[in-house]
Amino acid sequence: MDITKQNFLEQLPSIREAIQNATFFAMDCEFTGLASDRTIFPFDTPEEVYLKMVENSPPYIIVQFGLCAFRVEPPGEEEENEKKDGQPRVSYQCYNFYCYPKGRTNVFSCQGESMRFLADNGFDFNRLFREGLSYANETEEQRYRADLKDRQATRAANILAAAESDLTEEEPKLGEVNDVNMIPVPPEHQQQVDDTAASIEEFLQSDRQELIVGSCNAFQRKLIYQMIEQRYQRKVSTSTVSLENNQKAIKVERKRSTEEEQALDEQRRTRENDDLETNVGLSLVLQELAKARKLIIGHNMLLDLFYVLRQFFKPLPADYQEFKKLTKEYFPLLLDTKYLCTNAEIKVNVNSSVLAHVYDAVSKAPFSIPKVHPELPDYQYSVDDEKKHEAGYDAYLTGLCFLGLVSKFKANLLQLPKDPNLKHYLNRIFITRLTDVNYIYLNGKEPTQTREHIFYATFPETWRTGDIQNKFKPFGPVHVSWLDNTSAFVALHNRSAASSVLKMIGYHSGFKVYNFAQFTQMKLQVYMPSSFAIHITLKPFLSTHVHAGCNLSFPLLFVLLQRPGAKRGRNGSSSAGPGEDAGVRSAQPVNQRPSGEEKGQKEGQKIERPQTITTAAKRKGTDEATPPTNEADKDATAAKDDEHDNDEDNGGGWRTVKKARKTFTDNNDW
């Protein structure tokens, strides 16, 4: 059933009843855009993925929310087949909510490709814009309710004050000023105010029931209300009405009694309360869903969960653990069928975890989908009449896929959260692109994985997977996870060979290899605030190479920060620029021996020093941009490179190179 602002209040009681009677739910959402996953690396932790999503997610919104409430009942006598099979009866009610923000202050983003995708799949944008149901997060709802309560209380107090005034005070004289805050009537509006006063005088002498004062803007209405309060507060009652063209107007009636005013105010309260329910809109359904605290099924539901929490409840916290706590506060039982498909027994028969493909797989043996009955026959879905990418239909299909998948475990549909097989999949939210720990575990901490066998490699753009595999061939089979055209992760199947990679990897121009700890350090530098990143990058250099009393001028600092190692690809990878010698086989420094203090430092910190001031060319005492001028120089340079590359006792350390100092008269000379 489609739910819009036209039928929301009418259907809200039945929606709440369906939620209260349901055994479990399936949900799905359609968005105005999808958060980019280009910043997510295959070996990121779930916490890193979440933090990147929070930082990089534009204000896209849910424009369609699908909720399918499934009810499971023991087999009844009226169902002979089910009674014979001993299978419970499964029924459903499905709702498809159009969702659109109300008011001028609500701004959201759209992604062109996502909007085109929705249009290609028959999304009704006219219905969305005209009839879309509003929503409000918790803070907005509290403000709406507080404002309405204040207005209603003020209006009730004014009615009582007017009643008391009728008994004690005299009729105010014409032109008497009752309010020191009265707005002076501008000359250009005086005639309109006078004409309105004349119309009211004429109305009072007639037998008409009401007078409509229209054709005025908000300021003009304010002036007219002010005039009526000043001159006619004991003769007429006023209210605001909407005309057929949605323009506001003032309705003037003869003065009502206190009892009539209170009865009219009660009717107005009812309308205002209904308007408030409509303004909070879809959030009321999500609140009811949260109160139910029942199992909710989704397929690849991380983004759905992300947007639902942000749009209907609270801003997402910057702390990962707080996100878990917030999620469980509202939705304590979640199951992602995308993650359920990673089960070894299920993967044998489910080759693809795309929702439609999962349904095709579970529709056949060894799976079985029980017969599902619509509780609202006039509003039912059927797989024979596909409505792909309609949120309600996708929620329905997700529920069917879940029923088919759990048939593999012969799960008790009446006690799903307690099923021992499903416990391993509850509250584990699947994360796309991750290689090992590919889920967020809401109930606790995700398992940690060693990264010693993972290496980050940068290489020329012309390289293909085979070129990378050839470089790692001495270490056995590898798995290559591409990041962009010039960088990738390389995972060794033979983990015991990991300690030899940086020592034995061959040299190739433009090819660099870093262990995962070094990559993590580089990644931290990319995502840190700029001032802090400068501090940690320069500190090793300053402490080692700058003598006491030496002044480091700004131009020198600037050149250090523009070092070749600071250049990044779009995924934070180091890559050589034009004319640069990027032929470093690992990130370990090679031309200075480490001191005892330096040996105790973390391995990941060593990456900063070669990036700061050391390159292959500088240890040769030549300028990188200037190649050897003749064959003899080239041979000498190559020999020096071989000597350094094959030096077994350098240990990846530093070696001091003495160079003549040069004095500069000023910054321009520099």
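In helix H9, the buried residues are Glu261, Asp265, Glu272, Leu276, Glu277, Thr278 and Val280. That is a handy place to start with this model, which is predicted. An α-helix has 3.6 residues a turn, so residues three or four places apart point the same way. Helix H9 covers residues 258–280, and its 23 residues should span 33 Å at 1.5 Å a residue. The end C-alpha atoms are 32 Å apart, which agrees with that figure.

The protein has 670 residues, and buried ones make up 44% of them. Its accessible surface comes to about 36,200 Å², with carbon and sulfur atoms holding 48% of that area. Looking at contacts with a separation of 6 or more, 74% are between residues 24 or more positions apart.

Aromatic rings turn up in pairs here, 39 of them in the structure. Take tyrosine 100 and phenylalanine 129: the ring centres are 5.3 Å apart and the planes sit at 65 degrees, so this pair is edge-to-face. The two residues are 29 apart and link distant parts of the chain. Tyrosine 100 is in the loop between strand S4 (89–98) and helix H4 (112–120), while phenylalanine 129 belongs to helix H5 (residues 125–131). Tyrosine 100 counts as partly exposed, at 24% relative accessibility, and phenylalanine 129 is partly exposed too, with a relative accessible area of 44%.

A second pair brings together tyrosine 135 and phenylalanine 312, with ring centres 5.6 Å apart and planes at 80 degrees, so it is edge-to-face as well. Tyrosine 135 lies in the loop between H5 and helix H6 (138–168), and phenylalanine 312 in helix H11 (residues 302–312), so the pair ties together parts that are 177 residues apart in sequence. Here both partners are buried: tyrosine 135 has a relative accessible area of 12%, and phenylalanine 312 comes in at 0% relative accessibility.

Rings also gather in a cluster, in which Phe24, Phe70, Tyr92, Tyr381, Tyr393, Tyr396 and Phe402 take part. Elsewhere, charged side chains sit over rings. Arginine 310 has its charged end over the ring of tyrosine 307, 4.9 Å from the ring's centre. Lysine 408 does the like with phenylalanine 367, lying over the face of the ring at 5.9 Å from its centre.

Then there are the cysteines. The structure has zero disulfides. For cysteine 29, the closest cysteine sulfur is that of cysteine 99, and the two sulfurs are 9.1 Å apart, too far for a bond; a disulfide needs them within 2.5 Å. Cysteine 29 counts as buried, at 4% relative accessibility, whereas cysteine 110 is partly exposed, with a relative accessible area of 44%.

One last stop is histidine 453, in the loop between strand S12 (439–441) and strand S13 (454–458). Histidine 453 counts as buried, with 7% relative accessibility. Setting aside neighbours within four places in sequence, histidine 453 is in contact with Val490, Ala491, Leu492, Arg495 and Ala498.

Conventions:
Residues numbered from 1 in each chain as written. Predicted model: local features only at pLDDT ≥ 70, side-chain atom pairs only at ≥ 80, totals over all residues. Heavy atoms only, no water. Phe/Tyr/Trp six-rings, centres within 6.5 Å; stacked < 30°, edge-to-face > 60°. Helix = DSSP H or I, 4+ residues; strand = E, 2+ residues; numbered from the N terminus. Buried < 20%, exposed > 50% of the residue type's maximum accessible area, 1.4 Å probe, protein only. Lys NZ or Arg CZ within 6 Å of the ring centre and 35° of its normal. Expected span 1.5 Å × (residues − 1). Contact = heavy atoms within 4.5 Å. Areas by Shrake-Rupley, 256 points an atom, 1.4 Å probe, with all protein chains shown as cover.
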